[in-house]
Amino acid sequence: MQLALEQAQRAAALNEVPVGAVLVSAQQELIAAGHNQPISRHDPTAHAEIIVLRAGAAKIENYRLVDTTLYVTLEPCVMCVGAMMHARVGRLVYGANEYKTGAIQSACRLLEHTQFNHRIDIESGVLQQPCADIMSHFFARRRSEKKSTP
């Protein structure tokens with residue numbers, strides 16, 4: 001998760017919403033790392049999770065990412081959960097809850113639907129406070145900048 005936090009800091013430095021993600025193998029080898037880039041890429045799908053899933057699939061030359069763990073600093077949205085399901089990610093570990101759009105336990109509980117044929121093991125709250133802090137500091141800074149702009 002520490003590597004995911006470093007990726008989130010990279011996103012913040014680029015004025016992107018500070019979400020970072022890393023994908024590791026069952027042997028704990030780093031497959032891919034990335035951060036949010038929808039603003040700089042002009043791409044609404046360029047969430048940290050999607051960036052990492054694409055890079056991971058390209059690296060292992062398989063769209064199925066079986067036996068991998070995805071570490072993310074923020075609870076994934078519906079789009080990202082769908083991508084994880086299609087990729088067959090084995091485990092998701094995330095830090096902070098996303099109360100507005102989180103699709104694991106906050107806004108909706110997408111993975112609890114029984115009609116899906118793939119299950120993802122979930123661990124939440126890992127480094128929760130630092131993951132939440134980077135988000136709150138980022139948005140506090142943005143609000144402050146907005147107030148000071150005439």
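Asn15 comes out as partly exposed, with a relative accessible area of 34%; here buried means under 20% relative accessible area, exposed over 50%, and partly exposed in between, using a 1.4 Å probe and protein chains only. The model is a predicted one, so to speak of local features takes a pLDDT of at least 70, side-chain atom pairs count only at pLDDT 80 or more, and totals for chains, interfaces and linings use all residues. Residues are numbered from 1 along each chain as its sequence is written, and side-chain values use heavy atoms, with hydrogens and water left out.

Back to Asn15, which sits in the loop between α1 and β1. Helices (H or I, at least four residues) and strands (E, at least two) are DSSP runs, numbered from the N terminus. Most residues other than glycine have a negative phi. Asn15 has a positive phi, near 65 degrees. Asp67, in the loop between α3 and β3, also has a positive value, near 60 degrees, and this residue is exposed, at 56% relative accessible area. Glu61, which follows α3, has a positive phi near 55 degrees.

Asn15 turns up again as a partner of Ile39, which touches Asn15 and Glu16 once residues up to four places away in sequence are set aside; contact means heavy atoms within 4.5 Å. Ile39 belongs to helix α2 (residues 38-41) and is partly exposed, with a relative accessible area of 49%. Ile39 and Glu16 are 23 residues apart in sequence, yet their C-alpha atoms are 6.5 Å apart in space.

Next comes helix α3, whose 13 residues (48-60) reach 18 Å from first C-alpha to last, close to the 18 Å expected at 1.5 Å a residue. That expected span is 1.5 Å times one less than the number of residues. Its buried residues are Ala48, Glu49, Ile50, Ile51, Val52, Leu53, Gly56 and Ala57, and what covers them includes β1 (20-24), β2 (30-35), α2, β3 and α4 (78-87). Strand β3 holds Thr69, which counts as buried at 8% relative accessibility. Leaving aside neighbours within four places in sequence, Thr69 is in contact with Val22, Leu23, Val24, Arg91 and Val93.

Helix α5 has 21 residues (128-148) and reaches 30 Å from its first C-alpha to its last, close to the 30 Å expected. Cys131, Ile134, Met135 and Phe138 are buried in α5. They cover an arc of only 90 degrees around the axis, which puts them on the same side of α5; the arc is that of the directions from the helix axis to the C-beta atoms. These buried residues pack against α1 (2-13), β3 (69-74) and β4 (91-96). The face turned away from the buried side carries the exposed residues Gln129, His137, Arg143, Lys147 and Ser148.

A search of the whole structure finds one aromatic pair. The rings of Phe138 and Phe139 have centres 5.1 Å apart and planes at 85 degrees, so the pair is edge-to-face. Rings of Phe, Tyr and Trp (its six-membered ring) pair if their centres lie within 6.5 Å, with planes under 30 degrees apart counting as stacked, over 60 as edge-to-face and the rest as tilted. Phe138 is buried at 2% relative accessibility, whereas Phe139 is partly exposed at 31%.
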